[in-house]
Amino acid sequence: MIPFDHLGTIQLLCTLAATTFAYFALSSLTIGRRLPNMPPGPPTLPIIGNLLDLPKGKLHLTFTAWSKKYGDVMSLRILHQTLIIIQSPTLVKELIDKRASASCNRPKSTIADMITPNGMNMGTSRYTTETWKAMRRASAQLLGNENMRKIVPFQRAEAAQFMWELVHQPDKWPHHIRRYTTSLILGLVYGLRGPTLQSPNVADFMDVHPQFLNALEFGTMPPVDLFPILTYVPERYANWKRIAKKVRFLHERLYDNILATVEKRVANGQGIGAFMEELLTKGPAVGLLTRDHLMHLGGVLMEGSDTSSSFLQVFIHALTVYKNVLKKAREEVDSIVGSDRTPDEHDLPKLKYVRAIIDECARFRPVGPLAIPHEMMEDTVVDGILYPKDAVIFTNICIAIHFPSLYLYQIIPQLDGMFHDERYFDRPEEFIPERFLKHPLGVKDGVEDDPARHPNMQFGGGRRICPGITFTRTSMELNAANLIWGFDFLPAIDPKTGEEVYPDLDNYTPGITATPIVCPLRIRPRSDHHKEIIERQFQASGDILAHYEYDIAPVDKEFNAKYRDI
């Protein structure tokens, strides 16, 4: 016979077990289900939610059809995760801007945290950390208008070398773009530069950064954040852990070496007033207390060079495909600049059509089609629709290509999007810069635009808006004017058929930054006279460039001795 006290214990344990089982049974019925008052979307199944609704290929066709049915906001449930896609400027303003305190977080990414620990990647880290806030303040100071004015001569000098490179090695044009954008950020942040593709800092960044992005792409790593138990798998059986560890090592080695060069320059009394030089002494005043803070702040700012690089590739492809656009833009540039000098910052406000091309490129094929997703920090209701805590929010800009982002979110493609909405844009899938001459935001005549639409929506919103808008826009305009002024852009010739092969404007890489697939082109100076001006300006920029060439590598010294008048 079981003693009475033991029987009571057994009954209690059985009751607890039954209660626990009932709790988990009921919970399993809610996993995968859309919560009441959430945005509409495809019907869900218990536990897995919309997982089976995701097609294996051409995802954008399915989601485009859904957007037609469910409107400007829709939601998906994948197991316990809620994904919400918003695609109207009004919703962006209401949720991302006005309610920034509720929507300013980033989704948790175990992989990103393994590569850049302790929330030191300003782009992916959680909002609530003091580290993020300190880095944000520092980057806003760096990229403010006052610093941007100081950097203009260096920006023009780097752009002059970029043109020179296109003259002498036009077949390597995508690499020259990467060198230019990387070197420009190096100069802005560290007071350093990379004169050649072989410059150690440039070469290492061009090697490491794609690996970092690849580690975040869908399919590369397992969905660790959906299944946290995977984090307990030993490293020897988890190749994804070894990849993350390798990328972290390469990241830290690169940014440690760059920062060490700045420290050495300052110690030798050869500082030039660069931003990172100031932070080495003033960092604690803004909350950047450790060397790791400075190292990773510089790293995330360099990662932002992707935006300018991808845009320039979109721009060059567009000039190649749309010859009438290039012709019209060239007439404008020639009438204002002439042929005896290259454009400068004073010309840019006058180049209305060139700026319209830039706006149309950003609308037509935005380099960040879904931006970086936000995460809700608390339940929020907008117009009767629930945006629940921990839901991941995508700002859908454009239908074009598949967009990979952090772990699960990489399965979400573009829908019609705010920049291709037929309600507001006439023939949205056509490249028509003139739309921005007729209306500052490009919308068609005779319609009442979404009142919340504003310029630069592709740079995000709320407390996570990109701090580098001014810097990026200036770089876009200066290089756009230079390219139109100085070069012809022609499609490649197929050696077998002799026919012209144009770039495919729908063929993009998957990634957080959507970059056109590299296409061979024929790029050449407009005339011998234009070539001579480009050569002359490159030589005239030597003193400015030399100011940023502290302790450069032998390969860079050899380049300067051979090609620059120093």
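Me: At what angle do helix H8 and H17 pack in this predicted model?
Reply: Helix H8 covers residues 173-190. Its axis and that of H17 are 13 Å apart. The two helices pack at an angle of about 135 degrees.

Me: What is the handedness of the crossing where H8 passes H17?
Reply: The crossing of H8 past H17 is right-handed.

Me: Which residues of H17 make the contact with H8?
Reply: H8 brings Tyr-180, Leu-184, Ile-185 and Leu-188. The residues of this contact divide into five nonpolar, two polar and no charged. From H17 come Phe-471, Ser-475 and Asn-479.

Me: Which strands stand at the edges of the open sheet of three strands?
Reply: The order is S8-S7-S9, with antiparallel pairing. An edge strand here has a single partner strand, so one side of it is left without a neighbour in the sheet. The edge strands are S8 (500-501) and S9 (521-525).

Me: Which strands does helix H17 touch as it packs on the sheet?
Reply: H17 spans residues 469-486. Its direction makes about 75 degrees with that of S7. The strands touched are S7 and S9.

Me: Which residue of S8 stands opposite Ala-492?
Reply: Strand S7 runs over residues 487-493. S7 and S8 pair in the antiparallel sense over two bridges. Opposite Ala-492 stands Val-501.

Notes
Residues are numbered from 1 along each chain as its sequence is written. This is a predicted model: local features need pLDDT of at least 70, side-chain atom pairs count only at pLDDT 80 or more; totals for chains, interfaces and linings use all residues. Side-chain values use heavy atoms; hydrogens and water are left out. Two strands pair if DSSP finds at least two bridges between them. Helices (H or I, at least four residues) and strands (E, at least two) are DSSP runs, numbered from the N terminus. Contact means heavy atoms within 4.5 Å. Axes are lines fitted to C-alpha atoms, for helices over the stretch in contact, and angles run from 0 to 180 degrees between N-to-C directions. A crossing is left-handed if the near helix is turned anticlockwise from the far one by less than a right angle, and right-handed if clockwise. Ala, Val, Leu, Ile, Met, Phe, Trp, Tyr, Cys and Pro count as nonpolar, Asp, Glu, Lys and Arg as charged, and the others, Gly among them, as polar.
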